[in-house]
Amino acid sequence: CPPGVHCGNHITSHGLALNCCTDLTWFDHIVPCGLEGKGVTSLSQELGRLVTVDHVLQPFLDSFQEVFDSSLVFSEDPG
């Protein structure tokens, strides 16, 4: 598997992070997605204004469903 991709039981997967107003200094201690020498940014940093998760969550979920032609199902049980 390439860096940042999990492989197991003939399935590959990769996480997704939507950095809105994240403290980016934490990324100084890890290699995000296993990609050496690559930077990390946030929507707030790129737009030069505070962007919170509450601002972008619903539009993101709507776009995700449209792009992947899917319906998201939410569980009451966080575990």
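**Working through the chain**

Mentor: Start with F27, which sits in the loop between β2 (11-13) and α1 (43-47). Keep in mind that this is a predicted model.

Trainee: Is F27 buried, partly exposed or exposed?

Mentor: F27 is partly exposed, because its relative accessible area is 22%. Buried would need a value under 20%.

Trainee: What does F27 touch, leaving aside its neighbours within four places in sequence?

Mentor: With those neighbours set aside, F27 is in contact with N19, T22, P32 and V40.

Trainee: How far is the C-alpha atom of F27 from that of V40?

Mentor: The two C-alpha atoms are separated by 7.3 Å. Along the chain, F27 and V40 are 13 residues apart.

Trainee: Let's zoom out. How many helices and strands does the chain have?

Mentor: There are two helices and two strands. Along the sequence they follow the pattern β-β-α-α.

Trainee: And how much of the chain counts as buried?

Mentor: Of the 79 residues, 11% count as buried. The chain exposes about 6,800 Å². Carbon and sulfur atoms supply 57% of that area.

Trainee: What share of the contacts comes from residues 24 or more positions apart?

Mentor: They account for 34% of the contacts in the chain with a separation of 6 or more.

Trainee: Back to details. Where does S42 lie?

Mentor: S42 is in the loop between β2 and α1. It counts as buried, because its relative accessibility is 6%.

Trainee: Which residues does S42 touch, not counting those up to four places away in sequence?

Mentor: On that count, S42 touches N19, C20 and L24.

Trainee: What about S44? Where is that found?

Mentor: S44 is in helix α1. At 13% relative accessibility, S44 counts as buried.

Trainee: What does the side chain of S44 reach?

Mentor: It reaches the backbone oxygen of C20, at 2.7 Å. Not counting residues up to four places away in sequence, S44 touches C20, C21, R49, L50 and V51.

Trainee: New topic: rings. How many aromatic pairs does the structure hold?

Mentor: Two. One of them is F60 with F64: the ring centres are 6.1 Å apart and the planes are at 45°, so the pair is tilted.

Trainee: Where do F60 and F64 lie?

Mentor: Both are in helix α2, four residues apart, about one turn of the helix. An α-helix has 3.6 residues a turn, so residues three or four places apart point the same way.

Trainee: And how are the rings of F64 and F68 arranged?

Mentor: Their centres are 4.7 Å apart and their planes are at 40°, so that pair is tilted. F60, F64 and F68 form one aromatic cluster.

Trainee: Are F60, F64 and F68 buried, partly exposed or exposed?

Mentor: F60 is partly exposed at 26% relative accessibility. F64 is partly exposed at 28%. F68 is exposed, with a relative accessible area of 53%.

Trainee: Last one. What span should helix α2 have?

Mentor: Helix α2 covers residues 53-67, which is 15 residues, so at 1.5 Å a residue it should span 21 Å. Its end C-alpha atoms are 20 Å apart, which agrees.

Trainee: What is the phi of D69, which follows α2?

Mentor: The phi of D69 is positive, near 45°.

Note on methods: Residues numbered from 1 in each chain as written. Predicted model: local features only at pLDDT ≥ 70, side-chain atom pairs only at ≥ 80, totals over all residues. Heavy atoms only, no water. Buried < 20%, exposed > 50% of the residue type's maximum accessible area, 1.4 Å probe, protein only. Contact = heavy atoms within 4.5 Å. Expected span 1.5 Å × (residues − 1). Phe/Tyr/Trp six-rings, centres within 6.5 Å; stacked < 30°, edge-to-face > 60°. Polar contact = N/O pair within 3.5 Å; in protein donor to acceptor, adjacent residues only side chain to side chain. Areas by Shrake-Rupley, 256 points an atom, 1.4 Å probe, with all protein chains shown as cover.
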